[in-house]
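Hi everyone, thanks for coming. I'd like to walk you through a structure, so let me put it up on the screen.

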Amino acid sequence: MPPAPPDSLFRPERGNTNGAVRALVPGVVAGAAIVVLPKLVATGERASKARLIVGGAVTIAGVAAFFSHHPGQRIPANAQYNRNIRESWQRNVAEISRRNADRARQSRMIIRPGAPSLVTSETP
Amino acid sequence: MKPYLCALVACAALLPAAARAQGVQFTVGGIAGQEIVQSHIDQVTDRFTGLILGAEGVLISDRLMVRVRYGEGRINPKSGSSADPREVVEGEALFGVRATPWLSLWAGPGARAYTMGDTDQRWLIWTARATGRGTLLPGRMQTFVELWGAVSGNVGNPPIKAGGRGANGGLEMRLGDGNFWGRLGYRIESTHAPSLRETVESLTLSVIYGVPQ
């Protein structure tokens, strides 16, 4: 029988929350830093709105990266992929079982008598 | 074609192969930026804006890095100002070390020169910098923030002592499946000397060949 597919072949069926947070944090921290830093670097100056554009874009990108990890949600594509692997393995098992059963059914035991021989206690 | 231009094209063509042969990674990129300058001379303040075009390159060998950037353009005074337009040339050459996978430390000079009619104003600032990087989507999207402070500096001729600090940050995104990346960046630097102060902000778009680091 073919061995069951190893775990490493399967894809996660639910989004990874830790990975999502790891993607979110740099985006939000960098976005906030870009918005705030001009106040510290150029005290007393009137900073332009350019920092809001870039800081906002970085923050939005971080949030988008967070959701791209589907934190805690079912991932239908991965579930379908895993189901295909399992079904393929089950089909292989069924097919091999069927072939083995056929082979067992078709096999015959033929006993051919050989030349008679005399066996005694003196025979080595 | 002039000989020096031929040499430049030959170097540009051969550099990638030579760098790879030495185990050195590199990035090169073009930059376009809208610059906003607030200039204070004594009690007079002028605001300028203009387009700066430039190029940058980074060589990365294991943990050591070299970064150069050059840009030039013209900035015009905002309406209502009597100041003259300025031709701007700026650049930096930095040596860096990757302290951790996400933190790099840099040091080196940054220069900025204005030409205003017949006069020049040149700022030369030696800086120490720290750059932090974060990955949003591995191999596709990353962010960075850099902070710097002046170690020493001067402006003008005869030179007078100058100082300053600055920051830049932004978002880098891989363009398609190739080796090109796009960067949306924001940079601010504030340099000062007795009776002078310049605050320069830039909103930049860059296209970079190679993984930015």
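Before I read out a pattern, a word on terms: helices and strands here are DSSP runs, a helix being H or I with at least four residues and a strand being E with at least two, numbered from the N terminus. Please also keep in mind that this is a predicted model.

Let's start with chain B. Going along the sequence, its pattern reads α-β-β-β-β-β-β-β-β-β-β-β, and that gives one helix and eleven strands. How much of chain B is buried? Of its 213 residues, 34% are buried. As for contacts in chain B with a separation of 6 or more, 50% of them join residues 24 or more positions apart.

Now to where chain B meets chain A. Chain B brings 24 residues to this contact, and chain A brings 23. On the chain B side, the elements giving two or more residues are β1 (25–41), β6 (119–137), β7 (141–155), β9 (163–174), β10 (180–193) and β11 (196–209). Which of them gives the most? That is β9(B), with six residues.

Over to chain A, then. Chain A splits into domain 1, residues 10–74, and domain 2, residues 75–106. Taken over C-alpha atoms, the centres of these two domains of chain A are 45 Å apart. The two domains do touch, with nine residues from domain 1 of chain A and seven from domain 2 of chain A in the contact. On the domain 1 side, those residues are two nonpolar, three polar and four charged.

That's my tour; happy to take questions!

Methods
Residues are numbered from 1 along each chain as its sequence is written. Chains are lettered from A and ligands numbered from 1 in the order in which they are written. This is a predicted model: local features need pLDDT of at least 70, side-chain atom pairs count only at pLDDT 80 or more; totals for chains, interfaces and linings use all residues. Domain bounds come from an automatic or database domain assignment. Ala, Val, Leu, Ile, Met, Phe, Trp, Tyr, Cys and Pro count as nonpolar, Asp, Glu, Lys and Arg as charged, and the others, Gly among them, as polar. A residue is buried if 20 or more other C-beta atoms lie within 10 Å of its own, exposed if 12 or fewer, and partly exposed in between; C-beta atoms are placed from the backbone.
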